[in-house]
Amino acid sequence: MPINMQYEYALPTIEALLFKTGAYTYEVIYPELLHNGTTPYICRNLKKRVVDFSTSPPSWGSESSIDVETPSGFTNPITPDNGILGYNFETDEILLGLGEWDGTSAHLSTTSAKLLAIKRDFSAVNVIQSDLFALAQTAVTDAARIAYYIQFYGYGGKIAGILELFSDSGSANERSCIITYDGATWTAIHANTRYDYAQQGIEPIWGASDNFLGWLTRGHGTNSHFISYPALSVTAGSPGGLFTTEPIYDPINHQVIWIEWGAETGATQHVWTADPTDPFTATDVTPTGTKTDNEGHTIDLNVDCKASGSIFSDGTNNWLVLRVFDNPDRLFFRAMKVTLGSYNNANAWDIIADPSGNDDFLIYGSVRAINPTDKLFLPSPLFIVSSGIF
Amino acid sequence: MAETSISAKVLYNALPYTETPISAKALYNSVTITETPISAKALYNGITIAETPISGKALYNGVTVMETPITGKALYNEYYKPTPPPTEIPEYVIGLTYNAWVFKSTEKQWYKDGIANPPDIPANDIGVQWGLRVWSVRRKEWMLG
């Protein structure tokens, strides 16, 4: 039986960053995503609302907006897929990669992309990297385009990020690329010591005493990487598995949760946990068992794909919320939750429904909540679901 | 008196239109429309459409594409709301200390941290009055309220 959430609020986006600004208040910052009939990722403005949990029901403030289209210089700026936003903890800026839409693709596919830094108070937008593709080509000489994924996070004057590169128009010719900024120089790294599979997202991680350790990447074909702070050294690895390994930092338990997705073979799609100081030495906590949604679909917790994880809390319940979709057929997608730390217990997993009891939606973008003063991730008091965005 | 028929005539289409095809051929309802190519070139069925790049529209290859915000929704619960205190204080609770809820029976409502606790609560009230010694269940010792 799916579990109903108490409240819902409409937002024109698939993901957001939240900033805790008071005991019960959060700024919710999100890209307004426009569907033009071909792609749902056109973005001309970044938006902000304040949600206040001190009232019942929680209240939402008015929407404010900042133009990112004009500073980008693009006619039709398109965002990456899930993993759209990042944040620079040092400068208090939202980091947003944008490209020029190619006019035909449903997703980002471009040779013209920039990295924008938007002040969290919406006072300014600056292009801090004006040609990500040319930068990537300095390391990946046969790169032909950037597609699907661009994401950056900054900490302590350093910035690390990823691009998904292809050497031609075919989807099988991926190239692995990591971008770093040491405070003075941007550097592209052809991160292919393990595989040349694409980088698809980036996650900051901290140690048990809230000490910043660096960044982990979401790597296609288990091609994840750890980028150390402050040295910016790059190490390839994975917690196991065969497919895309996605890290999520759990700030409550100071743990890295890895989830796996991408199989269309019926192979097990794992869940692991790891100490952030040794993130590739992971414990397999993959569940077994099934759940049934409101439409009668059977979700196999062992083999179904697990992606787009976020840490959710309502103060009483602390969950990993994520997208689960059937493997091998990919016929239906659902939002699910599992109690933190109970990943291999099927009873701790539930399908999520909205307040009306509808469960026909999915989580496609991640949500991260941030304490901008202490420069830490927090569990998020909300997550975002959508329909039909792939 | 001699009557003379008057002559009258009806005039119509007195000014035949002269149509001169112009390069971009914009003839419509006998009115010549002058077309001026604009930057985003939006010529459609002989009518010039003024395009203004505004938020919500994408101009691409000369075709105006309507953009529609996607629909997502945030899901959430009550968040860090104080757990409502019990409706009755167990008999063994003489009182609670600072940073705890107290119940004022005369008003049938709870107060927190003593901030809203008026000084005129009767001594025999279930709630805590400032200056009274109360037993802290949490600390297991007598304290001043």
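Two strands count as paired if DSSP finds at least two bridges between them. The model used here is predicted.

**Exercise 1.** Trace the pairing from S23(A) through S24(A) to S25(A).

Solution. 
- Step 1. Strand S23 (residues 255-261) of chain A and strand S24 (residues 271-274) of chain A are joined by four bridges and run antiparallel. Within this pair, Ile259(A) lies opposite Val271(A).
- Step 2. S24(A) is also joined to strand S25 (residues 282-284) of chain A, by three bridges, again in the antiparallel sense. Here Ala274(A) faces Ala282(A).
- Step 3. Both pairs meet the criterion, because at least two bridges are required.

**Exercise 2.** Give the strand order of the five-stranded open sheet in chain A and describe its pairs.

Solution. 
- Step 1. The order is S1-S31-S30-S29-S28 (chain A), with mixed pairing. The edges are strand S1 (3-4) and strand S28 (305-313) of chain A, each of which pairs on one side only.
- Step 2. Seven bridges connect S28(A) to strand S29 (residues 318-325) of chain A, and the two run antiparallel. Ser310(A) has Val321(A) as its bridge partner.
- Step 3. Continue to S30(A). S29(A) and S30(A) are antiparallel and share seven bridges; Arg323(A) is opposite Ala335(A).
- Step 4. Continue to S31(A). Three bridges link S30(A) to strand S31 (residues 349-353) of chain A, also antiparallel. Lys337(A) has Asp350(A) as its partner there.
- Step 5. Consider burial in S30(A). In strand S30 (residues 333-339) of chain A, six of the seven residues are buried.

**Exercise 3.** Which residues touch the most other members of the largest nonpolar core?

Solution. 
- Step 1. The core has 120 residues, and those that touch the most other members are Ala136(A), Ile146(A), Leu163(A) and Cys177(A).
- Step 2. Strand S14 (residues 145-155) of chain A supplies the largest share of the core, eight residues.
- Step 3. Take Ala136(A) as the worked case. Leaving out residues up to four places away in sequence, Ala136(A) touches Ala143(A), Ile146(A), Leu163(A), Leu165(A), Cys177(A) and Ala188(A).

**Exercise 4.** Summarise the secondary structure, burial and contact range of chain B.

Solution. 
- Step 1. Chain B has zero helices and 12 strands.
- Step 2. Of its 145 residues, 14% count as buried. The cut-off for a buried residue is 20 or more other C-beta atoms within 10 Å of its own.
- Step 3. Take the contacts in chain B between residues at least 6 apart in sequence: 20% of them join residues at least 24 apart.

Definitions and conventions: Residues are numbered from 1 along each chain as its sequence is written. Chains are lettered from A and ligands numbered from 1 in the order in which they are written. This is a predicted model: local features need pLDDT of at least 70, side-chain atom pairs count only at pLDDT 80 or more; totals for chains, interfaces and linings use all residues. A nonpolar core is a set of buried Ala, Val, Leu, Ile, Met, Phe, Trp, Tyr and Cys residues joined through C-beta atoms within 7 Å. A residue is buried if 20 or more other C-beta atoms lie within 10 Å of its own, exposed if 12 or fewer, and partly exposed in between; C-beta atoms are placed from the backbone. Two residues are in contact if their C-beta atoms, placed from the backbone, lie within 7 Å.
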